[in-house]
Each structure stands twice: as structure tokens, then as C-alpha cells.
Amino acid sequence: AAAGLVDCHCHLSAPDFDRDLDDVLKKAKKANVMALVAVAEHSGEFEKIMQLSERYSGFILPCLGVHPVQGLPPEGQRSVTLKDLNMALPIIENYKDQLLAIGEVGLDFSPRFASTDEQKEEQKEVLIRQVQLAKRLNLPLNVHSRSAGRPTINLLREQGADRVLLHAFDGRPSVAMEGVRAGYFFSIPPSVVRSGQKQKLVKLLPLTSMCLETDSPALGPERQVRNEPGNITVSAEYVAQVKGISVEEVTEVTTRNALKLFPKLRQLLQK
């Protein structure tokens with residue numbers, strides 16, 4: 001059977017999908033998507049993600065984790081604290097056997113969120129504890145890094161994280177190559193068609209280190225337009241064009257990479 005596509009990082013619990021998720025998922029299936037890796041940002045959406053993964057069992061695969069930025073946009077956003085993590089931990093523990101990965105976790109040193117060294121240190125501590133949690137549960141990490149490419153990769157390496165997805169990496173390609181050498185994977189969102197930085201990344205990254213994602217509802221091919229999982233074909237086509245290979249080969253290799261990165265993917269798909 002021909003391989004399907006895996007969207008390795010998306011936010012299906014976002015309110016943007018509350019009205020028409022069924023249609024969005026039908027479109028994704030039509031676009032040859034066989035699995036959607038749904039990530040969390042804060043403990044308030046954990047139950048919703050688990051419910052979605054039960055309702056669409058074997059198609060929506062759940063990740064729980066605490067993102068470095070908490071609170072609601074635009075005005076309520078702030079850097080994560082250990083209190084945010086402590087609220088989340090018992091819920092993660094409760095669902096640990098159903099999880100594909102721990103995520104979305106990471107570092108976000110954008111000046112508007114992390115303006116002080118204290119905030120950066122607390123973000124690092126929250127990430128370290130989640131890396132340790134993932135190791136104890138034998139789960140991979142689905143990782144965010146904004147304005148913090150090198151610190152994120154350095155921390156993950158120091159903590160001995162081995163199965164890592166760096167989603168929508170915004171750092172320099174030379175820094176990304178340090179991640180490649182550590183055996184990490186990088187997922188490419190549809191916004192690659194409008195991002196010079198991501199285009200450079202695709203050029204340099206070996207296909208064997210690449211996965212595909214949409215980060216729906218964000219990072220779509222068009223700015224300010226809601227992104228959805230069906231747009232993963234935009235990522236696949238862009239990578240194929242840059243690498244001079246067929247979309248089929250991109251699909252096959254990136255899906256093989258996703259299965260390597262997320263060992264539980266195979267068994268969860270069969271549910």
C-alpha cells in the first residue's frame with residue numbers, strides 16, 4: 001500500500017476548529033494524510049486533546065506538554081512558570097500510556113515573552129523537567145524553539161534527549177545541522193513557501209532528517225489564513241521540488257522518519 005502522510009505537529013484542540021473539525025479531517029484524509037499528531041500548549045486543553053484522540057482513534061494521536069508561552073493571545077501571553085508545569089504533571093501521568101509523545105515543549109526567548117534572565121532560566125527548568133519526564137516514560141519530545149534554536153538544541157543534548165522533533169525550526173541552518181548530528185528530526189510547515197529562512201533549511205537538511213507538519217491553525221501557506229492538516233501536501237510538494245525528487249518519495253521517507261521518531265505510531269495507527 002502507498003504510504004500516507006503524517007502531520008507531525010498540529011493544534012486540533014484550537015478553538016479555530018471547534019465548528020468544522022469533521023470537515024477539516026475529511027479533507028485531510030482526501031489529501032492522503034494517515035495520521036495527525038495533536039500537541040498541547042497548556043493543561044487546560046489536555047482533556048480536549050484526549051477526547052479527540054478517542055473520538056478519532058488511530059487517526060488523531062495525542063501529545064501532552066507545557067509550552068514555554070502560556071496564557072491567551074494577544075494580551076494575556078507570558079513566559080511559563082514551574083506552577084504551570086506542576087498543574088499539568090498529574091494529568092500527563094494519568095494519560096501516559098495513551099500518549100505518542102510529550103509536547104509541545106521548548107524554549108521561547110522572543111523579547112516580548114522572555115525579557116529577563118529569570119524568565120529564561122525558569123523556561124529551561126520547565127523544559128529540563130519535561131525532558132526527564134519523557135525519558136522516564138520512554139516517549140519522544142515534540143519541541144518548539146523560537147529565537148532560541150541553539151539554547152534548545154544544547155539543552156536537549158545535555159539532558160540526553162534522543163528522540164526529538166524540532167518543529168518549524170526558526171534558527172540558522174548551521175545550528176540545525178548540530179541537531180541533525182544529534183539524530184534529531186525537523187518538521188517542515190506549509191509556511192515554507194513564504195519563509196526564506198525555512199527555504200534555506202530545506203535546502204540544507206538531509207531528507208533522512210525531515211518530517212512534515214502543518215502547525216494548524218498557524219503557519220499556513222498564506223499569511224492570516226487558517227491553516228489545516230490537508231495543507232501538508234504544500235510542504236511535501238515544496239520539499240520534492242527543492243530536492244528534485246517525487247512527492248511519493250518525500251511522502252515515503254518522511255513517514256518512515258515519523259515512524260522512527262515516534263515508535264508508538266505504528267501501534268496507535270492500528271487501533
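The largest pocket holds about 1,200 Å³ of space. The structure is a predicted model. The points below treat the pocket, the sheet, the annotated positions and some local backbone features.

**The largest pocket**
- The lining of the largest pocket consists of 38 residues, and those nearest its centre are His11, Glu41, Arg146, Asp215 and Ala218.
- Sorted by class, the lining has 14 polar, 13 charged and 11 nonpolar residues.
- Two strands, E4 (69–70) and E7 (141–146), each contribute at least two residues to this lining.
- E7 provides the largest share of the lining, with three residues.

**The sheet and a helix across it**
- An open sheet is formed by eight strands with parallel pairing, in the order E1-E2-E3-E6-E7-E8-E9-E10.
- From one strand to the next, the twist averages 30 degrees.
- Within the sheet, strand E6 (residues 101–108) runs parallel to E7 and is joined to E7 by six bridges.
- Gly103 has Asn142 in E7 as its bridge partner.
- Helix H5 (residues 149–158) lies across E6, E7, strand E8 (164–167) and strand E9 (185–188), and it runs at about 150 degrees to E7.

**Annotated positions**
- An unreviewed UniProt entry places the feature "binding site" at His9, His11, Glu104 and Asp215.
- These positions span 207 residues in sequence, yet no two of their C-alpha atoms are more than 10.8 Å apart, so they gather at one spot.
- His9, His11, Glu104 and Asp215 from this set belong to the lining of the largest pocket.
- Of these annotated residues, Glu104 lies in strand E6.

**Local backbone features**
- Most peptide bonds are trans, and most residues other than glycine have a negative phi.
- Gly103 and Glu104 are joined by a cis peptide bond, with omega at about 15 degrees.
- Another cis peptide bond, with omega at about 5 degrees, joins Ser216 and Pro217.
- Pro217 is placed in the loop between E10 and helix H8 (232–243).
- Ser147 is not a glycine, although it has a positive phi of about 50 degrees.
- The loop between E7 and H5 contains Ser147.

Note on methods. Residues numbered from 1 in each chain as written. Predicted model: local features only at pLDDT ≥ 70, side-chain atom pairs only at ≥ 80, totals over all residues. Heavy atoms only, no water. 1 Å grid on protein atoms, 1.4 Å probe; cavity = no way out; pocket = protein on both sides within 12 Å on 5 of 7 lines; lining within 4 Å. Points joined across faces, edges and corners; volume = space filled by probe spheres on them. Helix = DSSP H or I, 4+ residues; strand = E, 2+ residues; numbered from the N terminus. Nonpolar A, V, L, I, M, F, W, Y, C, P; charged D, E, K, R; others polar. Pairing = 2+ DSSP bridges. Axes fitted to C-alpha atoms, helices over the stretch in contact; angles between N-to-C directions. Contact = heavy atoms within 4.5 Å. UniProt positions renumbered as here; feature names shortened; annotations may be inferred.
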